[in-house]
Amino acid sequence: MNSIIQYFKEIIQGVGSLLKGMRVTNRYFFSPGKIVTQKYPNNRKDLVMFERFKGEVVMPHNESNEHKCTGCGICEINCPNGTIEVISKTIITEDGKKKRVIDKHIYRLGMCTFCALCVKTCPSNALAFSQEFEHAVFNRALLIKTLNKPGSQLMKGVE
Amino acid sequence: MLLNTISNALSTLSEPWWKIFYDFSSLTQAIDEGLRSSLSPFWAVTIEMLIIGVVFLLFYALIGLFLVIAERKVCAFIQNRLGPNRIGPYGLFQTIADLVKLLFKELIPIKNADGFLFNLAPYIVIIVNFMVLAALPYGKGLHAIDFNIGIFYVIAVSSMSVIGVLLAGWSSNSKYSLIGAMRSGAQIVSYELSIGLAIITVVVLAGSMQLSEIVEAQRTGWFIFKGHVPAFLAFIIYIIAGTAETNRGPFDMAEAESELTAGYHTEYSGIKFAFFYLAEYINMFIVAAVAATLFLGGWMPFHVGNWEGFNRIMDFIPPFFWFFGKTFFVIYLIMLFKWTFPRLRIDQLLTLEWKYLLPINLVNVLIMAFLVLMGWHF
Amino acid sequence: MDKTQLGEFVKSVNPDAAIVEGKQYPEVTVADTELHSLAKKLRESEDTWFDFLVCITGVDYGDVFGVIYHLRSSKHGHMIVLKTKTSERAKPVLNSVCDIWNTAEFHEREVYDLLGVKFNHHPDLRRLFLDSSWGFPLRKDYVDDINIVSK
Amino acid sequence: MEEIIKEVVIDEQEEYTINMGPQHPSTHGVLRLVVSLKGEIVKNIEPHIGYIHRGIEKMCESITYPQIIHLTDRMDYLSAAINNEAVCLAVEKALEVEIPDRIKIIRTIISELTRIQSHQLFWASYGMDMGGQTCFFYGLRDREKVLDIFEETTGGRMIVSYNCPGGLMYDIHPNFQKRVKEFIKYFRGVLWEYDAILSGNVIFRERTIGIGRLKLEDAISYGITGPSGRASGFSCDIRKQEPYSAYDRVKFNEVLYTEGDTYHRYLARIEEMRESMNIIDQLIDNIPEGPYFVKMKPVIKLPEGEYFQRVETARGELDVFIKSDGNKNPYRVKFRSPNFVNLGVLNHISKDFKIADLIAIAGSLDFVIPDIDR
């Protein structure tokens, strides 16, 4: 007798637990609440990333095409996998002194692991992260970027 | 000539065109008479068959495509998503795009597969679907063949689809496919019993196996209400067993995505895969349609006792829509199962059948027979 | 038991063992032939009951290879470090401790895979991560001109 | 010592072997299991790993200590912040740097958030393994909220690289506390759904209770740590045994069960989410003001010696062993990764169960494949 009661009890409990789950899904079907997915390429315009989002390393330039990179190479030393290469050149300044400035600040996006050591250790805050995240390109060579813009100069007052 | 006949037949209809939604028999009668008046009986029947064949082909494709998008939308809303939303308004043409893609896809030949059986399997599954669809009553007078053993025929034919699944698994020469097919064989063979017994419960109540008569017997009340608890139990058991029959929801052991990658149709590609995929949805439709016919009154409107006004309003909705409304309600239930429950294990599946459903079902049939004998149903 | 008691216990089992009271855990250095018996004793004695082998680390010391065992007792909550060295570099062999701790099976396969130290009586000593054509990458003399680029 | 050469005896008996992986929906990555079957019954499992072996330990030997951090992110990517913390703690211990409370507390909160999101993903993917696909979306829906908190403060979603030797990379975002509290409130409100859909479901319970039972002795002998070990009654929570960061000042329970079956391994994770929320509750309002990093030398050189740091990741005990010879690069770094050790028990506990159970058992051990391969 006990086993028969147990048998029916099991069935009722089982069906009860199933109905409990169905209640949740059924409720979401009829009142989905907030749709959590995004229509990604369509919402590009109003898609705002967080300001600290590590998209890619950039070198901010001001309006007169000046950057803060002194070419010290600390970012290159700190980079764990050889993403950054700083090529510097020597120029003669207006007052006749020799000065080392960067020729090219090469950044290989394809190798970057976004550890943020270059941005953090840069003594003159010349590097920053942009919020750009659409990195796909058709040619691998396009992933090798030169961060300083052509004709740019060192910002005044930065040593 | 054919079009002429049909247009003549339509023009001879005495009622306005929308009345045919309430009773299709006048339309079919008119077409039949028109054809017979201008052709020999042999050609008339042949042309009628052709028309029915084309209608069913279209219906098959439409229902398949619609159910696929419906399933994707239902599961999306359950999961707080939007579902397909790129192609057409609200993504409604997504399945058509998918179909076109599958049509153009390469049919990958499998080395060491049994080519003939491999190609045969999807067709068996599809043909079984067509045979069952033909016997269902879709509305008043909208019934291709009305066998006097209609429901028996439906069970008998639908159980043949397992042959297609077994062939697919065996001929693919893949280990995952074989395991999936064997599971499916064990599953369908055992759940046939439950389906059969649940249907017998209704047949006892209706006193007939003819689908049109079963529907007609529900004019005074749907069987699920008429038959008290036993009919309700039979309905529940039918839905569970039907879900298992279609290899869906918590019983998708034959596919078992997380265990067997895709089960019996792992090796299929392109349109052959599409056949299996469509067949799954048509199977679901068949199960739901049979449930609607047997338990929810088929195309009969919902009537409550002596509420004349209410009953008249219900009558205003065409029987055609009643049938599909009920069917889609059952389909929604089956979809809800799939998107809520985790999958059973193969031995639990068989335990559920042999230890729970079958004994309850047997007792249920007895109680129902007793009820009918004593005339205690409504 | 605290560090000194553990040290005394090890001394009583194996008088040749060199015991250092490390910063965190007592460190015991034993000869390769005596490691297995000491480990068994530490595992089975009621007072020590080191039933949890935390990890096995292989180290390339240049002339020989060393293997470091971190042990922990789930009952007493103390830890000990066992260290041993292979007798030669050309054919580094040690005794397996798989029969004492089941987890050693995977750890020893890892050490074999990356350092090439073989373990006698191991039930299934095969390469784990790499295939047999690779060298033993954690050895200091491992050279790979293609995959390792040094600035 | 002499090498003993053992003859390998190949089992001649013919078995039905199937290859599960490296591309299989439920191995969660590139784990390959060669499964010998008898009908549906699993007779033997041979894990083949190393498909994404990157040689992290070898790479660590040629880079400096701050640079190691970003590699540890990529081992157990679901416990990234905890992995970072392990290396940072080891380096700080070696240098004997005193870490201010603010850093300790922030690290603890981030670690616990990491644990919650890891268990959420476990729940999501476990539901999917069991065939309930809705769980996956509910789990990820809630996890997204934690990832947003991470993204706002650390700039990364999974790969946070937030800790560094001596403190943190950045200070917490001004919104951090507010958002964490919002999340805790939200998540407490939806956790019952997890129980309604999966934990209480009769199908799920039937499939997991009593399956893949791991006895306490075996759990210790196989070194199974984390929620999987605690489900067997193995008290192995490093947060209790050797409290690091701010774990010594919070009250929480170590989730312990004795059954050791698949269901309790699952349940231990669900309960741990609740405990983690309790820990965050105690800390989130008590973040003291102060600097977010301690000034370290530009080139960190560890004194000669061996350092060992144990931390509790979402999957078990992660140990970092650093042997330094006084240079800026470590001489040898060893990561005792929890998944690698936990994989060793798979064959033991899933023998004589069915294929479907193998999926359930492997899922309940919650493997992250990059952590196995390193």
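I took two strands as paired if DSSP finds at least two bridges between them. Helices (H or I, at least four residues) and strands (E, at least two) are DSSP runs numbered from the N terminus.

The model is predicted: local features need pLDDT of at least 70, side-chain atom pairs count only at pLDDT 80 or more, and totals for chains, interfaces and linings use all residues. Residues are numbered from 1 along each chain as its sequence is written, and chains are lettered from A and ligands numbered from 1 in the order in which they are written.

**Entry 1: a sheet in chain A**

I looked up strand E4 (residues 98–108) of chain A and found that E4(A) pairs with E6(A) in the antiparallel sense over three bridges. Ile106(A) has Thr146(A) in E6(A) as its bridge partner. I then traced the open sheet of three strands, whose order is E3-E4-E6 (chain A), with antiparallel pairing. Strand E3 (84–92) and strand E6 (144–146) of chain A are at the edges with a single partner strand each, so one side of each has no neighbour in the sheet. From one strand to the next the twist averages 25 degrees; angles run from 0 to 180 degrees between N-to-C directions, and axes are lines fitted to C-alpha atoms, for helices over the stretch in contact.

**Entry 2: a hairpin in chain D**

I checked strand E6 (residues 305–313) of chain D for burial and found eight of its nine residues buried (20 or more other C-beta atoms within 10 Å of a residue's own, with C-beta atoms placed from the backbone). E6(D) pairs with strand E7 (residues 316–324) of chain D in the antiparallel sense over nine bridges. The two strands, E6(D) and E7(D), form a hairpin with two residues between them. Within the pair, I located Tyr307(D) opposite Ile322(D) of E7(D).

**Entry 3: contacts between chains**

I counted two residues as in contact if their C-beta atoms, placed from the backbone, lie within 7 Å. Among the five pairs of chains that touch, chains C and D have the most contacts. Chain D gives 29 residues to this contact and chain C gives 31 residues. Elements of chain D that give two or more residues to its side include helix H1 (56–60), E7 and helix H12 (338–343). I also noted that chains B and C do not touch, their nearest C-alpha atoms being 25 Å apart.

**Entry 4: a helix pair**

The axes of helix H1 (residues 2–30) of chain A and helix H6 (residues 176–199) of chain D come within 8 Å and cross at roughly 130 degrees. In H1(A), Lys20(A), Gly21(A) and Val24(A) meet Glu193(D), Ala196(D) and Ile197(D) of H6(D).

Terms used: A residue is buried if 20 or more other C-beta atoms lie within 10 Å of its own, exposed if 12 or fewer, and partly exposed in between; C-beta atoms are placed from the backbone.
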